[in-house]
Amino acid sequence: MSAIDTIELSELEKDALTEVVNIGVSRAALSLRRMIGEHVLLSVPSVEVLSRQRAATLLVQQGGDQLVAIKQSFTGAFSGGAMLIFPQARSLELVRAVTGPEMSHDEIVEMEQEALTETGNVILNSCLATMANMLKRPLTMSIPHLVKGDGSDLLDQVDDEGDVGLVLFLYITFTVRERDLRGYIAMMMNMSSLLALKELLNAFIDETMSEEL
Amino acid sequence: MNLQASPPAGADEPLRELQDRLDLSLKAAGAVGSWEWDVPGHRLYFDARLATFQGIDPGEAAAGLPVGRFFTAIHGDDAPRIRIAVGGMLRGAEVFFKSYRMLGPDGRTRWVEAHGRCLFDDADQPERFTGVLVDITARQRIEERLRIAQSAGGVGTFEYVPGLGTATVSEQFCRLLGMEPAPVVAVAAVNGVIAPGERPLLESRPVRVLGDAEYRIVRPDSGEQRWIARRGEVMPDTDGSGARQIGVIFDITDLKRTQGELNELNRNLESRVEQEILNRQQIEERLRQSQKMEAIGQLTGGIAHDFNNLLTVIIGNVDLARRRLGAGADERVERALANALKSSERAAGLTQRLLAFSRRQPLEPRAVNVGRLVGGMFDLLNRSLGEQIEIRTSFAPDLWSVEVDTNQLESAILNLAVNARDAMGWQGLVTIRAENRTIPEAGEGDELRAGDYVALSVTDTGHGMPADVVKRAFEPFFTTKEVGKGTGLGLSMVFGFVRQSGGDVAITSVPGQGTTVELLLPRSAAPAGEGAVTEVAGDPRPERSATVLIVEDDADVRAFAADGLREVGLNVLEAGSGDEALRLLDQPEPAIDLLLTDVVMPGMTGRDLVDQARQRRPDLPVLYMSGYPGEVIAENGRLGPGVVLLSKPFTMQALVARVAEMLERAEPA
């Protein structure tokens, strides 16, 4: 059992993680483009490592107490849960962005659940799969589903393996049909998973720094 | 060679469009150049501008450089993460959007923002990595200044479009409110920090003006209460997004606290100043009163002195005339003279009272128990107050004795009793009390010294006095009685006597209920004596023939006195001044047995004369006669040692009696 109760990613490790996830969302954007038939641009500007409490506070302060998320858990070299989170006010916009302007409001509301889940699935899957690829380790993912609530509710629902755990908090910008939507990806991992992730990130860094251009 | 960033043939049309649009807008924004990286060819190309920017020969740059050159000019601290980002690009990341520092050939550091795209072939391998660099040094500096201004100044910024659920804020904004730092926050979260009952900080209704406002907040991270001020402007709608509220917040908790303390201090100060002013006013009042009394005292003393001299002559002569007239006199003449004498004596009494007020009467204090003194006065009191007034007394059993002139004290008590009687309309209750009292350290403006006193009070159940009357009660000639009923001198005499004795007097009165006059008399160290003043009874004459030297500058008074003494068989020498007197004293013959001198004389005063005379004749008996004995009187109205005083106006009888008494006591010269 580790004696440290907090873990930190160095700046370079954070950069590496940001890039890995960037790759992941780029792949997702590709898929979404095919799905929607429109330009989609996804980017992840930065990542933070927070305690669960701070992450919950941040979520509340970001989007109030009404959030919608698509969550998925994963196991493998590192385990935990991942969520794609949007403020509820934005989620319908997202659906509209994804489904197109032809749909009526009622139709969109009906489609909300399905559209969100599908979109979230694409993005999260892609992120996690890419991470697995880049870090050269396999990951098994569960089936994603939709949840609604406030910051604490959402974070509580992710299973982790017992200890307190930390949250990798990533801001994500979702540009489609010339609108920008902001959301978050939160990855919950326990201590040992984070340590494993650190190792893998460093391997990625080494490889990148030394490769022939 | 393509120096413009353009996608290879076969790429998506819309993508190319996007790229072109990007190019155009970036150029407009001040791009410093573009690059193109042929990935499989391991070759890097800069356009002319970018080449020059980095100090590379444009021809060389157009011909192609080793890829590593992409990183050469990048600042050492930023290079690793750019390297990783490039790595990410090559592995599939679509967007390359980074800012970093570049070192120019001139050695200067610039901030640049790189916008890049990676194009992949059908096998998903990176084919081309292209982009533009924008010089954002100026923008970076401005942002830096803004950041520092905020953190150093403790100011946080916000931008908000009413109706939206979120606002764009600075890190400092979040910190000031105790929120997690984030570039975007929910409006509900911000307004939730405000204490209940206050207006929201971010107004969701559109307003035309963002007024200055202050809020009490409860920090979500610590629970601490702080005060926050908000200032800002409403910028009009220019892009269809609605009017924007742009402003700042800053912490004013310390300011509020200081304000609060200042207000408190001011309030205290005001009341303290009020109190102080009141105190001063009271002291000034007392001073004024005291000065007034002093001035009146001077005046009356002066008048009394002169008056006394005249009266002495009048009384003396009238008295003489009566005696000369003898038994066979015309009755009318006899009566006329008697009236003249009576009136003169009353006038004398008046001047006495005036002198009493001016505290210049001679006092002969002795130790006395006031309880016993009052007891001795009982008959007198009962007669004066009448049958319908009850007199009660209450004296402390261990009452201290006081040092006062007993005549004056009796007179004062009688005065107070008579006032009480008049206030009660000749019926009611008069209570005379006496108790021991110790006065602690005197306050400012009090003339009374700390020490032991006996408090003697006379209380009545009469109509009392309102406050404005009480204030003036001790003034001479001030009276509330009708004309003809009372001279208005009674209380002023009491005042003068008590003050001269080292004490104080105070009146407490409730209109409609009654009045108490309280005298504070200094305690005597000596035990009370039993006897009253010895009276000079009868008509004593000197038993032997002796020589008296009379010194008086007023010729009439001198003549009067000299005649009177010669009549009883004394040998009298006269001198009109101190010098003359000394010359006479120096003569061996005749030997002078008694020096009778006025006190106040032009040139050498009586006192000086006596000092000089005593140098020649230390045992010489001295009798002062005076209507204004201010100088002779030493402390507290007491006469100095060896000083015997005969007050003007005196009757011949009194003069002779005194002289006889002194000659008797003295040894023959």
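In this predicted model, B:Val95 has B:Arg117 as its bridge partner in β4(B). That pair belongs to the antiparallel pairing of strand β3 (residues 95-103) of chain B with β4(B), which is made through nine bridges.

**Strands of chain B**

- Between β3(B) and β4(B) lie five residues, the two strands forming a hairpin in whose turn B:Gly107 has a positive phi of about 85°.
- β4(B) also pairs with strand β5 (residues 126-135) of chain B, again in the antiparallel sense and over nine bridges, and here B:Gly116 has B:Gly131 in β5(B) as its bridge partner.
- The hairpin of β4(B) and β5(B) likewise has five residues between its strands, and B:Asp124 takes a positive phi near 65° there.
- Strand β4 (residues 109-120) of chain B is largely enclosed by the rest of the structure, because nine of its 12 residues are buried.

- Chain A contributes 35 residues to the contact and chain B contributes 33 residues.
- Five salt bridges are counted between the chains, and A:Glu207 forms a salt bridge with B:Arg91 in which the closest N and O atoms are 2.8 Å apart.

**Surface of chain B**

- B:Leu299, B:Ile303, B:Phe307, B:Leu310 and B:Ile314 make a nonpolar surface patch of about 490 Å², and of these B:Ile303 is placed in helix α9 (residues 253-325) of chain B.

Terms used
Residues are numbered from 1 along each chain as its sequence is written. Chains are lettered from A and ligands numbered from 1 in the order in which they are written. This is a predicted model: local features need pLDDT of at least 70, side-chain atom pairs count only at pLDDT 80 or more; totals for chains, interfaces and linings use all residues. Side-chain values use heavy atoms; hydrogens and water are left out. Patches are made of residues with over 30% relative accessible area and no salt bridge: like charges are joined within 9 Å, nonpolar side chains (Val, Leu, Ile, Met, Phe, Trp, Tyr) within 5 Å. Accessible areas come from the Shrake-Rupley method with a 1.4 Å probe; for residues, only the protein chains shown count as cover. A salt bridge is a side-chain nitrogen of Lys or Arg within 4 Å of a carboxyl oxygen of Asp or Glu. Helices (H or I, at least four residues) and strands (E, at least two) are DSSP runs, numbered from the N terminus. Buried means under 20% relative accessible area, exposed over 50%, partly exposed in between (1.4 Å probe, protein chains only). Two strands pair if DSSP finds at least two bridges between them. Contact means heavy atoms within 4.5 Å.
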